[in-house]
Amino acid sequence: MRVALLLDPFGARWAEVRDAATVAIDAGFAGIWTYDHLDGRVYDAPFVLECWTVLSALAVAVPDVMLGPLVLNVKNRPAGVLAAMAATLQEVSGGRLMLGLGAGAGRGTPYAREQEAVGRTADPDPLRRAHVETCISEVRRLWRTPGFLAPDPEPPFVIGVLGPKMAELAGRVGDGFNTSATHPRLRELVELARDAHARSGRDRERFLVTVHTAFDERWLAADSSARTSLAMIGADRLILDMSPPYDRHRIAEAGRLIEG
């Protein structure tokens, strides 16, 4: 299981993100992720760095590791624009993109205000799921359309999942999913997604399971109960979230546990 770092961009400056990412790669982390938000007030911050711009800069600033959004809101970018963006970032990064994708804000959630501020609606859950499926289909179509840049290789779609319906969708149309490492129904979601993946005619065991949780060293010890629980479900990637100001010394020390 690979261990990656998510750098929360709320209230952070680019130089802070760049320096923390550099320390993380030197320490042995296997990837850098960030959130996709536009309004800092979502988490009581004065601003938030835009996800794709940060990932593009990281593609040049940090070598050799996977990069990804956790997760792109399908309401923030038209599918056609996203297809070109993702193919371009795959080109710039040398094939290191994992394309996290999510359904965006549900009605009555704190995130709805963010979407409404940029002229987007917060939709009912069935419509949100449909948007994700349509987006993936359209992006893949355009990657195969003459005149559009085709990524090489195509980055995997890793779909943000909270419940069983999204888990089924992720397995059926995606290449993997991401959910909380402490989700009370984690094993059930993994099995639902893998079964749907198999029904779609693909290898059940090749479905990517990525999980995220707050930065806590107990997840790094190979013999810890936390890591054992993830190994039992066959998790491929553990993503630890850190908020600014990023503790670079703590990141560096965590590398010793990863190596151990």
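Begin by selecting helix H6 (residues 164-173) and helix H7 (residues 186-199), whose axes come within 7 Å and cross at roughly 35°. Helices (H or I, at least four residues) and strands (E, at least two) are DSSP runs, numbered from the N terminus. Axes are lines fitted to C-alpha atoms, for helices over the stretch in contact, with angles from 0 to 180 degrees between N-to-C directions. H6 passes H7 in a right-handed crossing (the near helix is turned clockwise from the far one by less than a right angle).

Next, display the side chains at this contact (heavy atoms within 4.5 Å). H6 contributes Pro-164, Ala-167, Glu-168, Gly-171 and Arg-172, and H7 contributes Leu-189, Leu-192, Ala-193, Ala-196, His-197 and Arg-199. By class, the contact comprises six nonpolar, two polar and three charged residues; Ala, Val, Leu, Ile, Met, Phe, Trp, Tyr, Cys and Pro count as nonpolar, Asp, Glu, Lys and Arg as charged, and the others, Gly among them, as polar.

The model is predicted: local features need pLDDT of at least 70 and side-chain atom pairs pLDDT 80 or more, whereas totals for chains, interfaces and linings use all residues. Residues are numbered from 1 along each chain as its sequence is written, and side-chain values use heavy atoms, without hydrogens and water.

Now select Val-71, Gly-104, Tyr-111, Arg-128 and Leu-162, which lie nearest the centre of the largest pocket among its 29 lining residues. A pocket is an open set of points on a 1 Å grid over the protein atoms alone, where a 1.4 Å probe fits, with protein on both sides within 12 Å along at least five of seven lines; lining residues have an atom within 4 Å of a point. The space in this pocket is about 880 Å³, a volume being that filled by probe spheres set on the points, which are joined across faces, edges and corners. Helix H4 (112-117), helix H5 (125-143), H6 and strand S7 (176-180) each supply at least two lining residues.

For the second largest pocket, of about 180 Å³, select Pro-156, Asp-175, His-197, Arg-202, Asp-203, Arg-206 and Leu-208. His-197 also belongs to the H6 and H7 contact.

Return to H5 and select Glu-138 and Arg-141, three residues apart in that helix. They form a salt bridge (a side-chain nitrogen of Lys or Arg within 4 Å of a carboxyl oxygen of Asp or Glu), with the closest N and O atoms 2.7 Å apart.

Pro-245, between strand S9 (237-242) and helix H9 (248-259), is joined to Pro-244 by a cis bond with omega near 0°. Asp-44, between strand S2 (31-34) and helix H2 (51-61), has a positive phi of about 55° although it is not a glycine.
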